Amino acid sequence: MHVISALKELSNFISSIKSNRKSIGFVPTMGALHNGHLALIQRSIKENNITVVSIFVNLLQFNNLDDFEKYPRVIEEDFKLLEKHKVDLVFTPDEKEFYPLDSLISMDFGYLSQTLEGEFRKGHLEGVGIAVSKFLHLIQPTYAYFGLKDLQQYLLVRRMCLDLNFPLDIVGVETVREDSGLALSSRNKRLSTEGIETASVIYRGLQGVKEGIDKNEPLDSLLSKTRSIYDRESGFELEYLEAVHPLNLLSVDSYTNLSELAICVAGYVEGIRLIDNLYLQLE
Ligand code: AMP
């Protein structure tokens with residue numbers, strides 16, 4: 001497994017792969033890897049000749065400095081895991097080389113970045129857009145893999161690649177969960193055992209919405225029922241619970257006449273912000 005930080009070295013590596021006409025699968029991460037990341041990596045390994053994983057805690061996408069500073073960093077453990085899974089290259093850019101200047105470019109994703117995470121984490125999605133663009137230019141992948149847990153990020157990256165003709169396909173990968181239903185997340189590493197248990201209410205709430213929809217209950221009463229489940233869970237502080245159209249993330253107030261729906265949720269446990277969503281294919 002190659003580990004590269006310097007941009008020049010990365011460029012040489014990528015050129016040699018490209019000259020051999022090999023396909024490149026790319027998985028961007030912020031490290032503290034878990035089985036959710038591994039699902040993306042395994043898919044990339046299966047579908048490409050070469051798999052590149054980046055580990056970079058991207059300051060530009062943090063709207064809260066404390067969150068950035070406390071973000072789990074376990075790079076040696078990550079390397080071991082990636083080596084074991086036969087990843088070809090790990091790219092760990094140096095912050096100063098990756099962002100030599102304050103970027104003059106800003107990104108605006110229109111309605112895609114005005115709701116959900118865009119509303120509550122100002123600048124987050126725009127920071128993701130800049131970093132992902134840079135990675136895609138540097139790595140020139142054939143496919144890039146993103147988790148559907150971060151539904152808004154996935155949609156936004158896919159749309160950015162379409163709008164700007166990035167020559168690759170973006171692949172969305174299903175959310176990997178604990179037995180309790182809690183979505184795996186690097187941030188879970190900061191939770192106590194009790195916090196992990198509390199956080200499982202997030203998925204229980206989402207499941208409740210699904211069950212209600214299966215019984216044809218109206219969306220507004222289902223959402224308010226779920227909000228009260230969240231309110232009753234001491235230790236969980238809800239930020240948002242929204243039913244949206246999964247393609248444009250615009251809020252919906254009924255699912256009659258819809259063929260698909262996403263329920264998105266964000267909240268805090270022990271001061272740690274967690275997000276999740278449930279995609280539903282409707283009759
Ligand atoms: P992160 O390191 O949190 O930036 O995540 C890197 C990639 O892994 C993103 O595309 C995430 O959506 C994806 N990811 C994170 N958690 C999960 C999960 N539980 N299941 C599937 N993909 C995930």
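In this predicted model, six strands come together in an open sheet, and reading across it gives the order 1-4-3-2-5-6, with parallel pairing. Going from one strand to the next, the twist averages 25 degrees.

Strand 3 (residues 50-55) and strand 4 (residues 89-91) are joined in the parallel sense over three bridges. Within this pair, Val 53 has Val 90 of strand 4 standing opposite.

Helices pack on the sheet as well. Helix 4 (residues 75-84) touches strand 1, strand 3 and strand 4, and its direction makes about 170 degrees with that of strand 3. Helix 7 (residues 124-139) also packs on the sheet, where its contacts are strand 2 (24-29), strand 3, strand 4 and strand 5 (143-147). The direction of helix 7 makes about 150 degrees with that of strand 2.

Attention now turns to the ligand. It is surrounded by 17 residues, and the closest are Met 30, His 37, Asp 150, Val 176 and Leu 184. A polar backbone atom of Met 30 is 2.9 Å from an oxygen atom of the ligand, while Asp 150 places a polar side-chain atom 2.6 Å from a ligand oxygen atom. For Leu 184, a backbone N or O atom lies 2.9 Å from a nitrogen atom of the ligand. Taken alone, the ligand exposes 490 Å², and the protein buries 93% of that.

Terms used
Residues are numbered from 1 along each chain as its sequence is written. This is a predicted model: local features need pLDDT of at least 70, side-chain atom pairs count only at pLDDT 80 or more; totals for chains, interfaces and linings use all residues. Side-chain values use heavy atoms; hydrogens and water are left out. Two strands pair if DSSP finds at least two bridges between them. Helices (H or I, at least four residues) and strands (E, at least two) are DSSP runs, numbered from the N terminus. Axes are lines fitted to C-alpha atoms, for helices over the stretch in contact, and angles run from 0 to 180 degrees between N-to-C directions. Contact means heavy atoms within 4.5 Å. A residue is near a molecule or strand if one of its heavy atoms lies within 4 Å of it. A polar contact is a pair of N or O atoms within 3.5 Å; within protein, one must be able to donate a hydrogen and the other to accept it, and residues adjacent in sequence count only if both atoms are side-chain atoms. Accessible areas come from the Shrake-Rupley method with a 1.4 Å probe; for residues, only the protein chains shown count as cover.
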